[in-house]
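Here is a short briefing to read alongside your structure. Have the 3D view open and follow the topics one by one.

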Amino acid sequence: MSTKVERHRSLRLPWLPPLLVLWALVPGLASAAELRRGDVVEVGPQEVIEEDLYAFGRVVNIEGTVRGDLIVAGQKVDISGTVEGDVMSAAARSQISSQVKGSLRAASNELSVLGPVGEDAMLAAGNLRLMPNAQVGRDLYLASGEARVEAPVLGELRAAAGTLTLSAPVGQDASAEVGTLRLTDGARINGDLSYRSDRDAQLAPGAVVAGSLEHLAPEHEKERGLVQGFYFWLRSLVGLFALGLLFALLAPRFARRVSTMLRQRPLPSLGWGAALFVSIPLLASFVFLVGLLLGGWWIALFILGLYALAIALSFPVVGLFLGQWLLERFHKTGTHLVLALLVGLVLLTLVGRVPVLGALVALATILFGLGALLLTVVRGREPTGAPV
């Protein structure tokens with residue numbers, strides 16, 4: 001097992017996100033949480049973590065008990081123990097079969113929830129399934145390409161999905177923007193159901209809607225709407241292209257290294273990007289609160305400013321990589337960075353206009369871009385085998 005366990009005061013800084021370096025400098029916070037990182041990170045069945053746990057690795061297995069919050073990111077995440085606080089998870093594949101006494105916030109390509117959630121759940125996934133043994137104690141918010149809700153939701157349900165299948169009770173109102181909505185025999189909505197779709201919902205004979213049922217037509221854009229859509233698309237393209245152009249012209253070697261890093265190390269980029277995406281807002285909050293007491297609260301604003309810039313820069317980074325990859329498919333090797341950047345950003349911004357899919361692609365772009373930027377800065381040199 002290659003698990004690596006370290007407290008904040010013993011971190012090897014070159015291998016960690018800058019947020020952890022700053023966090024270690026904040027008085028009083030070093031003992032508030034535990035960090036584990038490595039290729040495979042595990043918390044054994046008999047192990048008890050008495051504080052918050054931050055776990056980052058290619059594979060993360062949580063089988064024990066976490067008394068505080070759990071923040072986890074990796075390629076594959078499996079949480080089967082007990083978490084007494086909240087869970088924030090980002091991974092390519094996730095399975096959460098433990099009891100989460102607080103709220104659950106998870107983003108994944110493949111996401112399965114098998115255990116009960118005490119409070120709210122906010123879930124984003126390409127393929128999402130809430131199994132029958134699960135339960136959401138309050139409200140459920142989801143965005144997914146295909147979602148199957150087979151577990152009771154005690155509060156409200158808010159969903160955006162390509163296909164949504166509901167097979168369990170919902171304690172209050174439900175609303176959805178979907179391509180296809182299915183209610184099986186086990187579905188019972190104890191409030192109102194409102195859905196927006198270009199087709200009627202598929203209701204099984206045993207499905208029950210206690211309140212009103214409202215079918216809203218999709219908002220098809222007319223000529224004016226098309227013009228507005230084109231305007232907003234063009235504005236986002238121009239803004240991102242200007243940022244990417246400044247990046248490519250001022251630091252062309254670094255831009256090429258970031259693109260090469262993303263090509264050679266996509267999964268580490270995703271993992272570290274997820275870690276940064278989740279942790280930096282938490283860091284800024286801690287710094288702000290401590291700054292109010294000890295001074296220096298403005299450092300939190302500086303952190304958030306860099307965070308926003310890095311998120312914005314993620315789109316040109318991934319766009320440059322996509323543009324180079326596409327042009328190579330057409331045997332256009334050695335293309336100038338500016339042309340590759342434009343091609344990639346046109347593709348990203350067009351896909352970003354697609355409902356649900358656009359949001360998932362934007363999230364993936366941010367995670368990959370943040371991770372690639374971090375790894376390139378940390379490594380500080382051209383990756384082995386990088387193309388000239």
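Predicted model: local features only at pLDDT ≥ 70, side-chain atom pairs only at ≥ 80, totals over all residues.

The chain has an average pLDDT of 81, and 85% of its residues score at least 70.

**Confidence**
- Confidence is highest in strand E16 (residues 169-170), with a mean of 96, and lowest in helix H1 (residues 18-25), with a mean of 36.
- Residues 1-31 have a pLDDT below 50, and in the model this stretch makes 64 contacts beyond near neighbours in sequence.
- Residues 382-388 also stay under 50, with twelve contacts beyond four places in sequence.

**Strands around E6**
- Strand E6 (residues 70-79) is largely enclosed by the rest of the structure, because seven of its ten residues are buried.
- E6 pairs with strand E4 (residues 52-62) in the parallel sense over nine bridges; here glycine 57 stands opposite glycine 74 of E6.
- E6 also pairs in the parallel sense with strand E8 (residues 87-96), over nine bridges, and valine 72 stands opposite serine 89 in E8.

**Helices H3 and H7**
- Helix H3 (residues 252-264) packs against helix H7 (residues 357-379) at an angle of about 115°, and their axes are 9 Å apart.
- The crossing of H3 past H7 is right-handed.
- H3 contributes Phe254, Arg257, Val258, Met261 and Leu262 to the contact, while the H7 side includes Phe368, Ala372 and Arg379.
- By type, the residues of this contact of H3 with H7 are nine nonpolar, one polar and two charged.

How values were computed:
Residues numbered from 1 in each chain as written. Heavy atoms only, no water. pLDDT = per-residue confidence, 0-100. Helix = DSSP H or I, 4+ residues; strand = E, 2+ residues; numbered from the N terminus. Contact = heavy atoms within 4.5 Å. Axes fitted to C-alpha atoms, helices over the stretch in contact; angles between N-to-C directions. Left-handed = near helix turned anticlockwise from the far one by under 90°. Nonpolar A, V, L, I, M, F, W, Y, C, P; charged D, E, K, R; others polar. Buried < 20%, exposed > 50% of the residue type's maximum accessible area, 1.4 Å probe, protein only. Pairing = 2+ DSSP bridges.
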